[in-house]
Amino acid sequence: MAKIRVMSGMRPTGTLHLGHLVGVLHNWVALQQDYDCYFSIVDWHALTTGASDTSGLRDNVREVLLDWLAAGVDPERCTIYVQSAVPEIAELALLFGMITPLTWLQRNPTIKEQIQDLGLDEERVGYGLMGYPILQAADILAFRGARVPVGKDQLPHLELSRDIARRFNNMYGETFPEPEGLLSETPLIVGTDGRKMSKSYGNDLRMAAPAEEVAQRVMVMVTDPGRQRRDDPGYPEVCTVHAYWRALAPERCAEVESGCRAGTLGCVADKRAMAEQVASLLAPMRARREAWADDPSRLDAILAEGNRRARAEARRTLAEVRSRMRLPAFDDEGRPVAASAGTR
Ligand code: TRP
């Protein structure tokens, strides 16, 4: 039986952090056993908010690849590729733009939030940023992705991908699956200050962080602000460190919680234990990352193979899309190609 197709992607905006690892990558690694996975480094998406400074883009593509491999994403089982190596995705996004009402884009809460987070005023919100979810739909549907493992914040985008797939199918005949989200069970991991984890807030724990950096970041984490002395009873419900225990080591939660409530486990000791927990989670990945980083020609070969496979698949989809839409078609030399029988 053919495996179900999974598609997901990440923007190359820098090295990845614990939020990516626990919220998304662990999920990907588990899925690669049973699904036919396509994982894309979506560099065009990085341009939607970063076109004015592209100097880091090439390095960031490599950093993301290293973090994925370190987390255990396996190029023998998955197709790992770069979005811009598959121009058919851009063509599909353009065609989807023709059937997507502007109002569908304007009401997208994730884009609204992003605009707010970045403090962009209306003037600086470009066509590319408004079209972000259309490009994402093209990412998924160029590979007929049926399942999309993402964080919860991505659900509005996914809803739009489904709407676009449905509309296309209604207009031109059944072509695309309606992709479904696959959320991970792990609670969303917050930043060290309790806000959403993000490099731009300076509250992230990099996947590639050495133990000293982990300790530094963990020791400034916000615990129960009402707890003044070490033997005051604490309230784990308001403590960021405790949220980490829940996400990273649920089996230790009960013990930590009773120590905190009883005032026998102080915040400093709690953070020390957490720093160790995080460092030991990351240590083997760091080792793997370094081994991959020492082998640039193997990294190139992984992308070359992934890009080639992804492009072949997207070309097949686009050939069908053009035919379903009854668009003029040309071969590689520019010669008109007669409408194919078969489809419709
Ligand atoms: N928008 C996603 C994010 O910010 C990244 C993304 C782009 C994506 N294209 C995708 C995710 C396709 C899943 C499928 O995380």
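Me: Is the crossing in which α3 passes α13 left-handed or right-handed?
Reply: This is a predicted model, in which local features need pLDDT of at least 70, side-chain atom pairs count only at pLDDT 80 or more, and totals for chains, interfaces and linings use all residues. Residues are numbered from 1 along each chain as its sequence is written, and side-chain values use heavy atoms, with hydrogens and water left out. A crossing is left-handed if the near helix is turned anticlockwise from the far one by less than a right angle, and right-handed if clockwise. The crossing of α3 past α13 is right-handed.

Me: How are α3 and α13 oriented to each other?
Reply: Helix α3 covers residues 57-71 and helix α13 covers residues 267-293 (helices are DSSP runs of H or I with at least four residues, strands are runs of E with at least two, and both are numbered from the N terminus). Their axes lie 8 Å apart, at an angle of about 130° (axes are lines fitted to C-alpha atoms, for helices over the stretch in contact, and angles run from 0 to 180 degrees between N-to-C directions). Angles under 35 degrees count as roughly parallel, over 145 as roughly antiparallel, 65 to 115 as roughly perpendicular and the rest as oblique. The orientation of α3 and α13 is therefore oblique.

Me: How are α11 and α12 oriented to each other?
Reply: Helix α11 (residues 240-248) packs with helix α12 (residues 253-262) at an angle of about 160°, and their axes are 9 Å apart. α11 passes α12 in a left-handed crossing. The two helices, α11 and α12, are therefore roughly antiparallel.

Me: Which element supplies the largest share of the shell around the ligand?
Reply: The ligand is surrounded by 13 residues (each with a heavy atom within 4 Å of it). Both β1 (5-10) and α8 (132-141) supply at least two residues of this shell. The largest share, 4 residues, comes from α8.

Me: How far from a nitrogen atom of the ligand does a polar side-chain atom of Asp139 lie?
Reply: Asp139 is among the closest residues to the ligand, as are Gln136 and Gln154. For Gln136, a polar side-chain atom lies 2.9 Å from a ligand nitrogen atom, and for Gln154 the distance is 2.8 Å. For Asp139, the distance is 2.7 Å.

Methods: A polar contact is a pair of N or O atoms within 3.5 Å; within protein, one must be able to donate a hydrogen and the other to accept it, and residues adjacent in sequence count only if both atoms are side-chain atoms.
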